[in-house]
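Thank you for making time this morning. I would like to walk through one model with you, and I will keep to what can be computed from its coordinates.

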Amino acid sequence: MNGAWQGSYLLGGLRRLGAVTIFLVKLLTQCVPALGRPRLLVLQIYNAGARSLIIIMMAGLFVGMVLGLQGYDLLRRFGSEEALGTAAALGLLRELAPVITALLFAGRAGTALASEIGLMRATDQLTAMEIMAVDPLRYVAAPRFLGGVIALPLLTAVFSVIGLYGAQLVGVQMMGVDRGVFWSQMQSSVGLHDVNEGLVKSLGFGVACSLIAVYEGYHAEPTAEGVGLATTRTVVASSVITLLIDYVLTAAFL
Amino acid sequence: MTSTTSAQATSTAPTGDVVIAVRDVHYDAGGRPIFAGLDLEVRRGRITAIMGPSGTGKTTLLRLITRQVAPASGQIEVFGADLAPFGRSEIYALRRRMGLLFQNGALLTDMDVFENVAFPVREHTDLPEPLVRLLVLTKLQAVGLRGAANLMPGELSGGMARRVALARAIVMDPELLLYDEPFVGLDPISLGFILRLIKHMNQALGITSVVVSHDVQELATIADDSYLISEGRVAAAGTPAQLRASDSAAVRQFMTGSAEGPVPFHYPASDYATQLLGADER
């Protein structure tokens, strides 16, 4: 009995994975024509990216400040406070900035995407497009997906910069680490591959989070409850998948 | 009930070729049979009313005609072509020749009235902006809402939203217009506007119209042909006047909206007294 239950659960999960994959392929074929409509794309980058800037910048500042504080305390025990710049930069660029940005993105932009598309489904707007012989996958889904994929790495970069400023603010201004040492240590030990790791991660998270949000919205039950459920599922699935991909990519880069 | 054969005899009579032919269509939704051998025809240049009690699948019929869903069996021909072998691009080509008016308008909420009407033009043509503007303004004028061009869909009343949707549906000059419950929830004045517009679109522009509704009185004033659908098939067909004079009591009950008749008030249930006295049943 238990085995049968697990089997059906597994089968359901696989079926869902297959459905998402097929959706991704369909979406990708529509991304090329969507790229030819810069007005729609820019609007979606603005919606997903620019409108998330405040929360990303605030989170970046606080995470950087915490990093400066904790890093300083930790490194002081080994008498190597001057390594604070390196520690903060590596932690932010490779790990914290992409992951936290993706989690915040899923909560801020992902839910907005899912509920917007879900409501369009519930109010027959997607069907109306179908009837007008306009593919909603091309007009609605693809620009939003691409907008998210482009916006997330940009947001991650902003998070990193503000985070480094926050770490510097606490480490140098408050705790008294030497300013020159802080920056020069960072410059000498952080390489391009560290930046690339963060970039690749944020691209991966961007694809995953945007895909989940668009998929959930597009397939939401056309009811108030259905749209709510799609929004919830977007946050849960995006967060879990982000952390899973994070582990895989970290292992791949090490 | 009037038999389907005599029904077709009446509607095959005078005008135009057949635009929509539905032949022996069966369709199930979630295991529940919606259509069981549905036959009907819509003729060019006429207003055809599809009537029936709620839940008889009137909207489903429109979904079948626009090929949003496929029938389990049977044949649907639109503009003389069988829809069964149609692929996606053929379906899209077909839909560009028809317009569908949704019950709630289904306007795109992120653009204003003008852009909503311009949407199909912008998507399907490369017309220069002055021409798009001209097209949109003439269609908005036709539905009496040129002055509302800059409003957002959220600022419109239900009747206005439906008229904007109508302008959008006719902006590409379709040959066929499908109306899904166009009278639901309208005040008498808005209802009068919509009635006049349906008639106008049909007479002035020669658009073949299919109106799905259960508002018998309203439909009777504009319909050339009408079909009454019940229990998955055509229960009666003819002009509204013929339906009202039908010798079937069920048809008459529907047409006059009477509470008395063969269609029962009570949903099928077990014996009243037995259930009241029984302790174990809800």
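I will begin with the conventions, then take chain A, and then turn to chain B.

What you see is a predicted model, in which local features need pLDDT of at least 70 and side-chain atom pairs count only at pLDDT 80 or more, while totals for chains, interfaces and linings use all residues. Residues are numbered from 1 along each chain as its sequence is written, and chains are lettered from A and ligands numbered from 1 in the order in which they are written.

In chain A the secondary structure comes to 9 helices and 0 strands, where helices (H or I, at least four residues) and strands (E, at least two) are DSSP runs numbered from the N terminus. The C-alpha trace of chain A spans about 65 × 55 × 30 Å along its principal axes, and 46% of its 254 residues count as buried. By buried I mean that 20 or more other C-beta atoms lie within 10 Å of a residue's own, with exposed meaning 12 or fewer, partly exposed in between, and the C-beta atoms placed from the backbone. Among the contacts in chain A with a separation of 6 or more, 87% come from residues 24 or more positions apart, a contact being two residues whose C-beta atoms, placed from the backbone, lie within 7 Å.

Let me take one helix of this chain, H2(A), residues 38-48, whose buried residues are Gln44(A), Ile45(A) and Ala48(A). Seen down the axis of H2(A), these buried residues fall within an arc of 105°, so they line one face of the helix; the arc is that of the directions from the helix axis to the C-beta atoms. The buried residues of H2(A) pack against helix H4 (84-122) and helix H6 (136-174) of chain A, whereas the face turned away from the buried side carries the exposed residues Arg39(A) and Tyr46(A).

Now for chain B, where 6 strands form an open sheet in the order S6-S7-S8-S3-S9-S10 with mixed pairing; two strands pair if DSSP finds at least two bridges between them. The edge strands of this sheet are S6 (98-101) and S10 (233-238) of chain B, each of which pairs on one side only.

Elsewhere in chain B, S1(B), residues 18-29, and S2(B), residues 32-43, run antiparallel and are joined by 9 bridges, with Glu41(B) in S2(B) as the bridge partner of Ala21(B). The hairpin of S1(B) and S2(B) has 2 residues between the strands, and Gly30(B) takes a positive phi near 55° there. S1(B) also pairs with S4(B), residues 73-78, in the antiparallel sense over 5 bridges, and here the bridge partner of Arg23(B) is Gln75(B).

Thr138(B) and Val171(B), although 33 residues apart in sequence, are 9.0 Å apart in space, C-alpha to C-alpha.
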